[in-house]
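Here is a walk through one protein model, from its overall layout to single residues. Keep the structure open as you read.

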Amino acid sequence: MTEHALRHLREHSLVVAGIPATTPIHVAENGSPSLAGRDQVASLATMLAVVREQEAALNIAVYELFALRDADTGGGEAVGALGLVTDYYVRKPAFDLYRRIVAGG
């Protein structure tokens, strides 16, 4: 899904808008919620792997995670649980994954 979205952006939407392939893509406000039935670590790992794999081919220059901290961990809404730590700053499993990737591991 991530690769499809990035390729569609680069190969269709930006072309239609007249934006050349030399213009870098900035992936901003991206993330994966940690709700029941969702594996935030696996989802984030997959998205980040695709971004890294397609970085050169699609001219992706920047990746920005949506939020370090949840807005409302227990609220049950996806947008409230996008952080790598809970709303009480307790690290979630995805925190260590993201930290390793940012460190180059």
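**From fold to residue**

The protein has three helices and two strands. This is a predicted model. Starting at the N terminus, the elements follow the order α-β-α-β-α. Along the principal axes, the C-alpha atoms fill a box of roughly 45 × 30 × 20 Å. Of the 105 residues, 34% are buried. Among contacts with a separation of 6 or more, 53% join residues 24 or more positions apart.

Turn to helix H3, which spans 93–102. Which of its residues are buried? The buried residues of H3 are Ala94, Phe95, Leu97, Tyr98 and Ile101. Viewed down the helix axis, these buried residues fall within an arc of 165 degrees, so they line one face of H3. Their cover includes H2 and E2. Just after H3 comes glycine 104, with a positive phi of about 95 degrees.

Next, the largest pocket. Its volume is about 220 Å³. Helix H2 (40–58), strand E2 (60–65) and helix H3 each give at least two residues to the lining. The lining consists of Leu48, Val51, Arg52, Glu55, Ile60, Ala61, Val62, Tyr63, Tyr98, Ile101 and Val102. By class, nine of these are nonpolar, two are charged and none is polar.

Now look at glutamine 40, which sits in helix H2. Is glutamine 40 buried or exposed? Its relative accessibility is 5%, so glutamine 40 counts as buried; the cut-off for buried is under 20%. A polar atom of the glutamine 40 side chain lies 3.0 Å from the backbone oxygen of glycine 83. Beyond its neighbours within four places in sequence, glutamine 40 is in contact with Ser32, Pro33, Ser34, Ala81, Leu82, Gly83, Leu84, Lys92 and Ala94.

Glycine 37 is found in the loop between strand E1 (25–30) and H2. Its relative accessible area is 87%, so glycine 37 is exposed; the cut-off for exposed is over 50%. How far apart are the C-alpha atoms of glycine 37 and valine 51? They are separated by 24 Å, with the two residues 14 apart along the chain.

Terms used:
Residues numbered from 1 in each chain as written. Predicted model: local features only at pLDDT ≥ 70, side-chain atom pairs only at ≥ 80, totals over all residues. Heavy atoms only, no water. 1 Å grid on protein atoms, 1.4 Å probe; cavity = no way out; pocket = protein on both sides within 12 Å on 5 of 7 lines; lining within 4 Å. Points joined across faces, edges and corners; volume = space filled by probe spheres on them. Helix = DSSP H or I, 4+ residues; strand = E, 2+ residues; numbered from the N terminus. Nonpolar A, V, L, I, M, F, W, Y, C, P; charged D, E, K, R; others polar. Buried < 20%, exposed > 50% of the residue type's maximum accessible area, 1.4 Å probe, protein only. Arc of directions from axis to C-beta. Contact = heavy atoms within 4.5 Å. Polar contact = N/O pair within 3.5 Å; in protein donor to acceptor, adjacent residues only side chain to side chain.
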